Amino acid sequence: MKQIYVATTNKGKVDEFKNMFSSLDIEMVSLMEAFDDVEDVEETGTTFEENAKLKAETYCKTYQVPVMADDSGLVVDALNGEPGVYSARYAGEAKNDDQNIIKLLNNLEGQSQRNAAFVSVIAYARPGKDTIVAEGRCEGEITEKRKGTEGFGYDPVFVPVGYIQTMAELGSEVKNQISHRKRALDEMLKQIRPLL
Ligand SMILES: O=P(O)(O)OP(=O)(O)OP(=O)(O)OC[C@H]1O[C@@H](n2cnc3c(O)ncnc32)[C@H](O)[C@@H]1O
Ligand SMILES: [Mg+2]
């Protein structure tokens, strides 16, 4: 079976990729589990695409295996697209989900326009070949209070369009069918299927 290495330091993303790959005829291998010396790649890009490529290409070059990496985040209309590429470190380099949510809700206090979208850009880097990129979005709204315990990141304050519960209440079964990451992966598979 074809193996693809997925590179992420985020446990929530690993679980989602494992779940989404489980029905495919491609084996997903966690790069961080396969190699014990994996160093963090600094996300110096200003777009999701730049950072996704940076992560995938750096690891592909180091380990000479095909690598997929996701760069993702929350884009809030009333905050001019913030936190965007800074979603993980919105409240500081410690990358604390709870602090990030507190900062987001504070910045949106009294704001009735709460439209937002989760965005995921997946880059697939292969040794000696051009990198392939795919994007997925999930539109929704930011709640006034956090609700639910599943998922990670901003899931407790994000209600997808067409639902009344947050991603953290809906849980992985629903999330992995409608999420930005699932849509990006579907887009990616359309492009790489013929190449596998
Ligand atoms: O870079 P890697 O190692 O993959 O892990 P990371 O957590 O730093 O990942 P990103 O740089 O792509 O930052 C993504 C952040 O955006 C938020 N985010 C992304 N996808 C999300 C999702 O499905 N649900 C909730 N929040 C999400 C969350 O705060 C993430 O930490
Ligand atoms: Mg990151």
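Reply: The shell around ligand 1 holds 10 polar, 6 charged and 5 nonpolar residues. In this predicted model, the residues around ligand 1 number 21, and those that come nearest are Thr8, Asn10, Ser87, Ala88 and Gly153. Strand E3 supplies 5 residues, the largest share of that shell.

E3 belongs to an open sheet of 6 strands, in which the order is E2-E1-E3-E4-E5-E6 and the pairing is mixed. At the edges are strand E2, residues 26-30, and strand E6, residues 158-160, each of which pairs on one side only. From one strand to the next, the twist averages 35°. Within the sheet, strand E4 (residues 115-125) and strand E5 (residues 132-142) run antiparallel and are joined by 10 bridges. Along this pair, Ala116 stands opposite Gly140 in E5. In general, the strands of a sheet pair through backbone hydrogen bonds, in a parallel or an antiparallel manner.

Two helices lie across strands of the sheet. Helix H1, residues 11-21, lies across strand E1 (2-7), E2 and strand E3 (67-76), and runs at about 165° to E2. Helix H3, residues 48-63, lies across E1, E3, E4 and E5, with an angle of about 160° to E3.

An unreviewed UniProt entry lists Glu42 and Asp71 under "binding site". These positions are spread over 30 residues of sequence but cluster in space, with a largest C-alpha distance of 12.0 Å.

The two can be taken in turn. Glu42 is found in the loop that runs between helix H2 (31-34) and H3. Glu42 counts as exposed because it has 10 C-beta neighbours inside 10 Å, and the cut-off for exposed is 12 or fewer. Asp71, in contrast, is found in strand E3, the strand that gives the largest share of the shell around ligand 1. Asp71 is buried because 25 other C-beta atoms lie within 10 Å, where the cut-off for buried is 20 or more. Leaving aside residues up to four places away in sequence, Asp71 touches Phe48, Asn51, Ala52, Lys55 and Val121.

To put the two listed positions side by side: Glu42 is exposed and sits in a loop, whereas Asp71 is buried and sits in a strand.

Methods: Residues are numbered from 1 along each chain as its sequence is written. Chains are lettered from A and ligands numbered from 1 in the order in which they are written. This is a predicted model: local features need pLDDT of at least 70, side-chain atom pairs count only at pLDDT 80 or more; totals for chains, interfaces and linings use all residues. Two strands pair if DSSP finds at least two bridges between them. Helices (H or I, at least four residues) and strands (E, at least two) are DSSP runs, numbered from the N terminus. Axes are lines fitted to C-alpha atoms, for helices over the stretch in contact, and angles run from 0 to 180 degrees between N-to-C directions. Two residues are in contact if their C-beta atoms, placed from the backbone, lie within 7 Å. A residue is near a molecule or strand if its C-beta atom, placed from the backbone, lies within 6 Å of it. Ala, Val, Leu, Ile, Met, Phe, Trp, Tyr, Cys and Pro count as nonpolar, Asp, Glu, Lys and Arg as charged, and the others, Gly among them, as polar. UniProt positions are given in the numbering used here, feature names are shortened, and annotations may be inferred rather than shown by experiment.
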